[in-house]
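Hi,

Here is the structure I said I would pass on. Have a look at it first, and then read my notes below.

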Amino acid sequence: MVGAGIAGLAAAWELRKAGAAVTVLESEPRPGGVIVTERRDGFIVEGGPDGVLAAEPEIPALAAELGIADRIVAQQARGASRWTGTAFEPLEEGGAAQLLGIETRASDLASGFRSFAGGMEELVTALVEGLVGAQHAAPLLQLGQPAAGIGMHGTGWRVAVTGGSALDADALVLALPAYAARPWLEQLGVPHARALADVVYAPSITVSLAYRANQIGRPLEGTGFVGGTPLRACTYASSKFPGRAPDGHVLLRAFLAPAPGEPEQLAHAELSAILGIGGAPLWSRAFSWTRGLPRYRDNHAAGLAAVRGGLARLAPLALAGAGYDGAGVSACVRSGRGAARAVLARWSRPS
Ligand SMILES: Cc1cc2nc3c(=O)[nH]c(=O)nc-3n(C[C@H](O)[C@H](O)[C@H](O)COP(=O)(O)OP(=O)(O)OC[C@H]3O[C@@H](n4cnc5c(N)ncnc54)[C@H](O)[C@@H]3O)c2cc1C
């Protein structure tokens with residue numbers, strides 16, 4: 001496995017359940033990819049995703065397998081508004097997602113979102129504990145170990161690791177962003193691998209800001225609002241899910257378009273003007289994703305099918321993650337588990 005984001009961890013989980021010996025190479029010193037939860041002074045701060053659609057079955061199913069189903073929390077507040085520049089206007093259900101360019105079905109939005117009591121990273125932690133606890137042989141999760149390239153080796157694969165070592169495997173799952181996997185696939189001569197260059201990852205800057213509740217001059221109605229530029233949107237994090245801020249405090253999360261200046265100061269200035277905030281935040285925390293959410297072109301499905309078709313002539317290899325089968329966390333879990341099942345099917349079939 002290469003990549004320990006949620007797709008890679010879900011794939012590793014599926015492979016372990018089938019009894020395969022798994023090694024996951026992850027370039028960063030921590031697992032989870034864009035799923036990051038931090039705790040500070042009793043607040044729970046999300047750097048990436050803050051929830052999944054309640055209508056999607058993948059996360060409850062995985063949470064049940066990991067024994068953390070009772071940690072799932074439902075969205076508390078409902079409804080979002082649009083800031084017109086002078087006033088808030090209510091948005092119909094799904095309107096915020098539509099304005100932000102997030103692809104979801106309106107029917108899926110009706111049942112709201114879910115998260116975990118301790119934030120989204122609880123899922124990552126439980127997966128890692130389940131995985132590491134389940135395999136006692138070679139270290140399963142190898143952090144700070146970037147894969148540098150892949151090549152066929154006998155009937156399987158050799159993965160070069162930055163620093164000079166190498167790892168041999170019967171089957172390989174690349175749970176990497178499309179821009180990271182594409183050059184390797186091109187080098188292997190996989191037809192249509194170039195199509196993956198059409199998956200464009202948009203930059204995303206989020207700023208979480210903590211305030212005392214009495215600093216906020218306007219009532220916070222619903223889950224937040226959609227704005228314009230540079231403040232694209234704001235989530236009232238402490239209204240949306242339980243336990244995100246201590247009593248008497250508020251946690252806001254601003255989504256900014258790339259703009260000059262310090263994101264923390266910009267977010268506070270914009271929010272102060274809109275929400276009538278008095279005084280400075282207790283603290284703020286910015287996360288800057290230079291390549292955040294992937295967007296697909298219209299012909300994505302056909303291009304991807306052609307790439308996957310081209311993998312069939314190689315040793316067992318599968319692709320998983322947001323760059324391929326949907327950007328949401330649930331879709332990434334589905335994609336990871338599907339990739340694991342695909343290599344298992346190839347592997348068990350005599351050639
Ligand atoms: C700001 C933001 C907010 C979001 N909000 C939501 C939300 O509310 N709900 C929702 O459902 N989705 C949301 N998403 C989308 C969702 O979180 C992601 O699409 C999903 O988590 C991606 O998972 P992944 O495993 O495919 O990729 P990643 O998380 O990108 O994982 C890929 C991993 O591969 C590693 N890697 C890369 N190159 C190498 C290499 N050469 N060798 C080894 N390892 C390597 C990376 O370090 C990384 O850990 C959000 C995304 C962002 C950025």
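Let's start with a pair of side chains: Arg308 and Asp325 form a salt bridge, with their closest N and O atoms 2.9 Å apart. (A salt bridge here is a side-chain nitrogen of Lys or Arg within 4 Å of a carboxyl oxygen of Asp or Glu.) Arg308 sits in helix α9 (residues 300-311) and Asp325 in helix α10 (residues 322-325), so this pair links distant parts of the chain, 17 residues apart. Helices (H or I, at least four residues) and strands (E, at least two) are DSSP runs, numbered from the N terminus. Arg308 is partly exposed at 31% relative accessibility, and Asp325 is partly exposed too, at 28%. For those words, buried means under 20% relative accessible area, exposed over 50%, and partly exposed in between (1.4 Å probe, protein chains only).

Before you go further, keep in mind that this is a predicted model, where local features need pLDDT of at least 70, side-chain atom pairs count only at pLDDT 80 or more, and totals for chains, interfaces and linings use all residues. Residues are numbered from 1 along each chain as its sequence is written, and side-chain values use heavy atoms, with hydrogens and water left out.

How many salt bridges does the structure hold? There are 14. As a general point, side chains of opposite charge can pair when their charged atoms come close. One of the bridges joins Arg285 and Glu38, at 2.7 Å from N to O. Arg285 lies in strand β19 (residues 283-289) and Glu38 in strand β2 (residues 37-40), so the pair ties together parts that are 247 residues apart in sequence. Arg285 is partly exposed, with a relative accessible area of 27%, and Glu38 counts as partly exposed at 27%.

Another bridge runs between Arg341 and Glu14, whose closest N and O atoms are 3.3 Å apart. This one also links distant parts of the chain: Arg341 is in helix α11 and Glu14 in helix α1 (residues 6-17), 327 residues apart. Arg341 is partly exposed at 46%, whereas Glu14 is buried at 12%. Salt bridges that share partners join Glu14, Lys17, Glu65, Arg337 and Arg341 into one network.

A closer look at Arg337

Touching, or contact, means heavy atoms within 4.5 Å.

Helix α2 and its neighbours

The axes of helix α2 (residues 58-66) and helix α11 (residues 329-348) come within 8 Å and cross at roughly 60°. Axes are lines fitted to C-alpha atoms, for helices over the stretch in contact, and angles run from 0 to 180 degrees between N-to-C directions. On the α2 side the contact is made by Glu58, Ile59, Leu62 and Glu65, and on the α11 side by Val329, Ser330, Val333, Arg334 and Arg337.

There is also an open sheet of three strands, in the order β4-β8-β5, with antiparallel pairing. Two strands pair if DSSP finds at least two bridges between them. The edge strands are β4 (52-53) and β5 (72-74), each pairing on one side only. Between β4 and strand β8 (residues 113-116) there are two bridges, and Val52 has Arg114 as its bridge partner in β8. Helix α2 packs on this sheet, touching β4, β5 and β8, and its direction makes about 25° with that of β8.

Two hairpins

Strand β10 (residues 147-153) runs antiparallel to strand β11 (residues 156-161), joined by six bridges. Met152 has Trp157 as its bridge partner in β11. This hairpin has two residues between the strands, and Gly154 takes a positive phi near 60°.

β11 also pairs with strand β12 (residues 166-169), antiparallel over four bridges. Val159 stands opposite Leu167 in β12. Here four residues lie between the strands, and Gly163 takes a positive phi near 110°.

Happy browsing!
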